[in-house]
Amino acid sequence: MFEEPEWAEEASLAAGLRPVASRPRPAAACQVKGSKRRQLLATLRALEAASLSQQLPSLPGSDSEEEEVVERKKKRPKKASLASVPTKVEEKRKKQQQKQDLPGSDSEEKEVKKKKCRKRALESDSAAEEKRKGKRQKQAPSKPAQHLDSVDQTGAKAWKRSATDDPSKPSSVTTSPQTPHALSRKQWRNRQKNKRRHKNKFRPPQPPDPAKATAPTEETEVPPAPTQENHEARAGALRARMAQRLDGARFRYLNEQLYSGPSSAAQRLFQEDPEAFLLYHRGFQSQVKKWPLQPVDRIARDLRQRPASLVVADFGCGDCRLASSIRNPVHCFDLASMDPRVTVCDMAQVPLEDESVDVAVFCLSLMGTNIRDFLEEANRVLKPGGLLKVAEVSSRFEDVRAFLGAVTKLGFKITSKDLTNSHFFLFDFEKTGPPRVGPKAQLLGLKLQPCLYKRR
């Protein structure tokens, strides 16, 4: 009988099993196997001795097969024993702990959330403390130095609180934009101004002082109660403003009518409504008063340097200011009369004889669409070598040279011009003879732009 090897007994003891008695094997089978083995060994030796060129394949049960089996057994991993089981369990636990400690895990996310919650709580505490402090300052305003000291103290308290709550991030409060340290000097000044403005708004009402109540109230002035006179004054002021606006609108309308039609239509307009001329003249004077120099004063100064015997014809005289400023005899013509010296007529047909005056004046009166008729009428009444003085708003001239060329074709020669004034241009012409062009000839230079006033 064959006996079991020692290692089998040790394995059974380690597994906690009882050793089992080995079964007996037959002796004949053992002898057969040994004889076959001896025969195979003999054949192998004979083949090696003959040194055959081709090596025969190994038969089953040879030494090479045994060697292969041994090698396979070596290569096979040994079965883990029961003693090695706890070590593997510990290794698995360690691996799980390492995975939990890795970044991005659930535990780390929880920690990040906790830190964020702490930071929000700190910011809310600092904001609430700042609000409380603002309310205290509004109720009892203090000096700038005390305010700055309180700001420093609150900042230090907030920093200490953040350091105790989260020591890993001590500068979370100081870096937040809502901390008192973020205030600049300009912001602090604006805050102080707002406090001074609204200091009485949040101050509790104080009881009246009996000493002050008994004192005479001469200094305190009580506003007068609204009376009927005040209402009437306000109503009068409102009516005056409305009347002024209405007059301005009517002046703009009349001015547009004078510049967009012939002089005959303007004459009919003022004959039908005499008050319209007064309204227009009042609006015109209010506009001219804003100028640094009025052109009628400039013309009067020039005429005062000439002989007083010269006869002057003022086309579009208005309120006869030129006649009142010089000693010369003056014929005053206009579409309506504001003075007894004015002759009401169309300036294209004045009641004067030919070559009867020495000076003809057009001071801001070349209005309408028939300017050529005015200049031809001035040529008719002027003596040879007579003086024509024209003053017009500078914005009406598109081409000054074309205007001067057109006037010279009507029998005049330019003697002087003044374009230095910002509001008006001044020209002096001398009569050379009758017009050199026929009545049907077109003079484009005489088409001036209308002087229209915008709504203010």
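Since the model is predicted, local features need pLDDT of at least 70 and side-chain atom pairs count only at pLDDT 80 or more, while totals for chains, interfaces and linings use all residues. Residues are numbered from 1 along each chain as its sequence is written, and side-chain values use heavy atoms, with hydrogens and water left out.

I start with the rings. The structure holds 12 aromatic pairs; rings of Phe, Tyr and Trp (its six-membered ring) pair if their centres lie within 6.5 Å, and count as stacked with planes under 30 degrees apart, edge-to-face over 60 and tilted for the rest. One of them is Phe 403 with Phe 427, tilted, at 5.8 Å centre to centre and 50° between the planes. Phe 403 sits in helix 16 (residues 400–409) and Phe 427 in strand 7 (residues 424–431), 24 residues apart. Helices (H or I, at least four residues) and strands (E, at least two) are DSSP runs, numbered from the N terminus. Both Phe 403 and Phe 427 are buried, meaning under 20% relative accessible area with a 1.4 Å probe, protein chains only. Ring pairs join Phe 397, Phe 403, Phe 425, Phe 427 and Phe 429 into a cluster.

Now the core. A nonpolar core is a set of buried Ala, Val, Leu, Ile, Met, Phe, Trp, Tyr and Cys residues joined through side-chain atoms within 4.5 Å. In the largest, of 35 residues, Leu 375, Leu 388, Phe 403 and Phe 429 touch the most other members.

Finally, helix 12 (residues 274–288). Its buried residues include Phe 277, Leu 279 and Phe 284.

Technical notes
Buried < 20%, exposed > 50% of the residue type's maximum accessible area, 1.4 Å probe, protein only.
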